[in-house]
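The sequence and structure are shown first, and the comments follow.

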Amino acid sequence: MRHVIKLCWAAALSLTALVPAARANDYQLSHNQRISCSRGLAPGKLNTATCKSYTYLFNTRTSEYFRCQVSLALTRDNKEVINVQTDGGCTKKPRIFETDGKYDFDATETEPPNTNSFFGPGGYSVWAADVGAQKVRGCITISSGLGSDISKCLDMTFQ
């Protein structure tokens with residue numbers, strides 16, 4: 001009898017250990033991480049380099065996603081590093097599909113602001129597919145330059 005009780009406890013413990021692992025598998029990191037860096041000169045012969053990188057974390061069950069960004073700014077003179085600052089975090093974005101399912105996902109962004117940038121910082125595109133059906137949705141979000149971003153999604157048709 002003791003062996004049966006021990007076996008039941010072991011089974012219960014292994015099941016509770018698997019539940020967080022199953023939830024962890026609901027998230028996928030985008031495959032398009034990018035990094036961009038800029039350098040600037042400051043008064044007194046100081047050099048500053050700033051690098052930013054972003055990625056997306058996607059819930060493959062609900063199609064909700066987060067845009068994550070990290071930045072590092074390094075200030076130095078000709079002899080030593082004077083200051084290092086880091087910042088970052090993730091911002092939750094809305095669902096792409098209304099219902100739960102099994103989804104695949106990828107995202108990419110425009111380059112940082114430059115002379116070709118039409119609406120300021122540009123935008124990003126998100127693609128999601130229902131892996132259980134022939135269903136793909138593409139979304140584009142751009143900065144309007146007037147406050148809130150403009151975002152539109154379109155279901156793809158197959159011919």
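1. A disulfide, taken here as a pair of cysteine sulfur atoms within 2.5 Å, joins Cys37 to Cys51, with an S to S distance of 2.0 Å. The torsion about the S-S bond of this pair is about 115°, so the link between Cys37 and Cys51 is right-handed. The pair connects distant parts of the chain, since Cys37 sits in strand 2 (residues 34-42) and Cys51 in strand 3 (residues 46-59), 14 residues apart; helices (H or I, at least four residues) and strands (E, at least two) are DSSP runs, numbered from the N terminus.

2. The model is a predicted one, in which local features need pLDDT of at least 70 and side-chain atom pairs count only at pLDDT 80 or more, while totals for chains, interfaces and linings use all residues. Residues are numbered from 1 along each chain as its sequence is written, and side-chain values use heavy atoms, with hydrogens and water left out.

3. As to accessibility, buried means under 20% relative accessible area, exposed over 50%, and partly exposed in between, with a 1.4 Å probe and protein chains only.

4. Cys68 and Cys90 form another disulfide, with their sulfur atoms 2.0 Å apart, and the 110° about the S-S bond makes the link of Cys68 and Cys90 right-handed. Cys68 lies in strand 4 (residues 65-76) and Cys90 in strand 5 (residues 81-93), so this pair ties together parts that are 22 residues apart in sequence. Cys68 counts as buried, at 12% relative accessibility.

5. A further disulfide is formed by Cys139 and Cys153, whose sulfur atoms are 2.0 Å apart, and this link, with 110° about the S-S bond, is right-handed. Here too distant parts of the chain are linked, with Cys139 in strand 8 (residues 135-143) and Cys153 in strand 9 (residues 149-155), 14 residues apart. Cys139 is buried, with a relative accessible area of 6%, while Cys153 counts as partly exposed, at 44% relative accessibility.

6. What is the pairing when the bonded cysteines of the protein are numbered in sequence order? The structure holds three disulfides, and with that numbering the bonded cysteines of the protein pair as 1-2, 3-4, 5-6.
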